[in-house]
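Work through the following exercises with the sequence and the model at hand. Each task is followed by a solution in steps.

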Amino acid sequence: MKSKAARPAEPGARPRRVAVLKGGRSLERQVSLRSGGRVEDALARLGHEVEPIDVGLDLIRRLRDARPEVAFIAMHGRDGEDGTVQELLEILDIPYTGSGVLACVRATDKVLAKHLMVEAGIPTPDFFAFNETAFRELGAAEALAAIEERLDFPIVIKPSSQGSALGIKFARSAADVPAALVAAFSYDSKVLLERHVDGRDLAVSILDDEPLPVVEAVPQGDEFYDFQARYEIGRTSFICPAELPAGVTEQAHELALRVYRLLGCHAFARVDLMLDADGELTVLEANPIPGLTETSLLPQAAEAAGISFDQLVGRIVELAPKTAPT
Amino acid sequence: MKSSAMRDMMAVTARPEVISLAGGLPDTSTFPPETFAAVAQRIATESCARALQYGPTEGLAETKDCIAEVMAAEGMPLDRDDMIVTTGGQQVIDLVAKTLIDPGDVVIAEGPTYPGAVPVFLAYQADVVQIEMDSAGMRVDLLEETLERLDREGRRPKFIYTVPTFQNPAGVTMSLSRRRRLVEIAHERELLVLEDNPYGLLRYEGDALPPLYALDRGVFVMYLGTFSKILSPGIRLGWVAAPPPVLEKINLGKQGTDLCTSTLSQLMVQAYFERGNWRDYVDSLTDIYRKRRDTMLDALAEHFPRQAEWTRPGGGLFIWATLPDFIDTTDLLARALRDNVAFVPGEGAFLDGRGRNAMRLNFSGSDEESIREGIRRIGEVVTEQVELYGTLTGKESPAAAAPAAEVVQMPTPAERARRAQ
C-alpha cells in the first residue's frame, strides 16, 4: 500500500513517519482494521507520513523497509494487545504508542489482572480461574460444585484473554456450566468463573493519566443477559457522560486510575466497571488498546471531554517515546 | 441471525494460512484460460461497441437463448419472454423480496436456509418462518401445519423460499413425493414459491428429480437459475423465470436497481455457448467435485467423533455436520482458527438461534489434500471438546471415530433444539 500524502503538521507537532499496525490474526481483526483505518486518516490530516501495515508473516521485513519513527499499534486482542507486537518492536528499536510489554501482559490476562487488583485492595467480582489441564489432568471437575456454591448463580464464564464479547457465557445454573466452559476454552487455555454483578455497565477511558468522562453502555430492550447484544451496534446505546449519583463519577475515575497505574499502563487505556444496585463499584477488566472505531468508547469519552478524534490520535503519538526504548 | 462476533471471525478465515472450508466457492482455476481469451477476443472483434453499451432491462435475446438451453437440460423448456436475465442469482432473491415483501410479511424458508438469503429477507423486514428439514428436504407436513397455524392467525405468507436440490447449506435434496406435494399446496392455497436451483447440474450420482418449476409449469413457482456454478460466479449472471404478472414487477424493480445486467457478461456467455458444448465444462467440474466430496466424506468418517452426524449430498457444494448440543460452533470456530482451519457456524443459516451446534463444510473450493487436512484438524478440535465435556460432566465419552459406512441423516428436532446459552 502506498503512503498517504503528507500535509503540514499542526503547530507544535513535528511530522513523523508513523507505521500503523492493524489487522493481524486476532479474532478482533475486523475491528482493528476499522480502528487502524481511522487512525491513518487522522494521522494524515495531522501531517504525519503514514505507512499502514496489516500485520502478518512479513511484519519484520515491512517494518525494516518502512523504518518508521514510531509505530501506532491499532491492534486488539491476540498479538497486538498481549505484548507480543510490543516485544517485537522493542527488539527492532522502534518506539510505539500505548502501554509497554509488561502492562499489556498484565491487562490481557484477566486472571492475573484480577489477582493484582485483589492484592491492591481494588474491588473486583469474586472469581476462580482454571486452565484446561486442571480439568484434564487434575480432576478439577470434581471441585466445580464447590466453586459454584462459593460464587452463587448466576455466574459468568469467560476466557482469560479474550478482549471482546467472544466466548463470554452466562450460567444460570450448574447445568449450564460444562458447555460454557467448553466454549470459553475455545478461546484460551485459561478461563475465569466470576460472580455475576447485576448492575450498570460503565467504562472509564484514561488519556495521559487523566480519566475522561464515564461512558455507560445501556443494552436495548429486554436482553440484559445477552452479552452479544451489548456489543452489537444499535442493540446497545451509549451515554456519555453517564448520569451517575453524586460521588460515583469521582469514585469510578479514582478506581480506574488506580487500576491503570497498578497495571503500569502508559498513554491510554480503558477500564470497565460495574455499578451494582447498592451503589458499589467493581472493576471487571482493563483494556490496554481499546477500540478506536466510530462507535468505540474511548473516542466517545474523548469527544465528551472536548478532545476531537484527530487530537486524540495526535496526543497518543506525542506520548510515544521520542527515541527507541532501551 | 449472523452475529457480529461471527462476522468478525469470518474476516480471519480469509487469511492465506487458513484452510477455509467456509467458502461457497466454485473452483474457477479449472476454467481453461484459452477459452476465456478466445471468447474475449471474439467480443472485441465482433461486438465491441455493443458489449460496452447498456442493454435491455430484461436481458439480451442471445443470452436468453443460452439460458433456454440450460433450462432445457434440466427439463424445463422456456420462452424468451418468460425470463429476465439478472446480475447473479442473488439479485433474484433481492428483486423477488423487493417486489413482494411489505414489512411484517411472512416468508417461509427451510431451516437451515441459504445464509445469503437471510440478510435480504431481513432488509425488507420479513418475518421469516423456518421449516425443519430431514434427509428428504423440507418437511412438507410441517409446512402444512405451519400454514394452518398462520391461517388461523390471519397471516398469509408472501412466498415459500426453497433450495430443493443439493440444498445450501444442508446438502440434502427434496424427495419427488414432497416436491409434488409442495406444488399441490402452492396450487391449493395459491401461494408463490421461489425455487432457488444453483446446483441442479452439479450431480455426482443418481438421476435428476424434476424441478418444482417443471412440475408446476410456471403457475405459482418462480425459478432462480445462475451461471455461477456451471460457468463462473465472476460474470454475475443469473435469471428468473416467473408468472407474467410477477415478472413484470420484477422488471420494474430491476430498472430501479441497475437498469440492466452487464452486457459484456451476457455477450461472454453467448460467445462461450457458441464456441462449444457448455456441458463439457460442467462435466469436468462434476468429476472434480465428486472426488472432493468423496474425500471429505471419507475424512469425516475417519476424523470426526462418533457423536457427530453429517449429510451425504448427491451433488452441490456443501456438507452439513451436526455436533453434540453442548458444542457451540461459533466458539468452536475460534478454536479451529488457532489451528488455521475454518467452516461456517450453523447459526448463520437460522434466524431464531438454532443451528448453534451445526456447521457447513464446503468441498468444492479446496483441493483434496487441503480437504483431508482441514477435516482432520476440525475433527481434532471437536474430539477435544467432546472429551473435555465428558471430563467436566464426569461422563467419560470416548470419542471414537464413526464407522465409515454409516450414512447420516439430518438431525432430529430435539437435537437441534436451541441451547440454553
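**Exercise 1.** Determine how helix H7 (residues 140-152) of chain B and helix H8 (residues 176-189) of chain B are oriented to each other in this predicted model.

Solution. Helices (H or I, at least four residues) and strands (E, at least two) are DSSP runs, numbered from the N terminus. Axes are lines fitted to C-alpha atoms, for helices over the stretch in contact, and angles run from 0 to 180 degrees between N-to-C directions. The two axes lie 10 Å apart, at an angle of about 20 degrees. Angles under 35 degrees count as roughly parallel, over 145 as roughly antiparallel, 65 to 115 as roughly perpendicular and the rest as oblique. H7(B) and H8(B) are therefore roughly parallel. The crossing of H7(B) past H8(B) is right-handed, that is, the near helix is turned clockwise from the far one by less than a right angle.

Next, list the contact, where two residues count if their C-beta atoms, placed from the backbone, lie within 7 Å. H7(B) contributes Val140(B), Leu143(B), Glu144(B) and Leu147(B), and H8(B) contributes Arg178(B), Arg181(B), Leu182(B), Ile185(B) and Arg189(B). For the classes, Ala, Val, Leu, Ile, Met, Phe, Trp, Tyr, Cys and Pro are nonpolar, Asp, Glu, Lys and Arg are charged, and the others, Gly among them, are polar. This contact has five nonpolar, no polar and four charged residues.

Conventions: residues are numbered from 1 along each chain as its sequence is written, while chains are lettered from A and ligands numbered from 1 in the order in which they are written. In this predicted model local features need pLDDT of at least 70 and side-chain atom pairs count only at pLDDT 80 or more, whereas totals for chains, interfaces and linings use all residues.

**Exercise 2.** Describe how the domains of chain B meet.

Solution. Start from the bounds, which come from an automatic or database domain assignment: domain 1 (4-29 + 281-416) and domain 2 (43-275). Their C-alpha centres are 27 Å apart. In the contact, 31 residues of domain 1 of chain B meet 31 residues of domain 2 of chain B. On the domain 1 side, helix H12 (278-303) and strand S11 (318-322) of chain B are the elements that give two or more residues. H12(B) gives the most, six residues. By class, that side has 15 nonpolar, eleven polar and five charged residues.

**Exercise 3.** Is helix H4 (residues 101-108) of chain A mostly covered or mostly uncovered?

Solution. A residue is buried if 20 or more other C-beta atoms lie within 10 Å of its own, exposed if 12 or fewer, and partly exposed in between, with C-beta atoms placed from the backbone. Six of the eight residues of H4(A) are buried, and the helix is mostly covered. The buried residues are Ala103(A), Cys104(A), Val105(A), Arg106(A), Ala107(A) and Thr108(A). Their cover includes helix H3 (84-91), helix H5 (110-120), helix H10 (248-263) and strand S13 (281-287) of chain A. For chain A as a whole, 48% of the 326 residues are buried.
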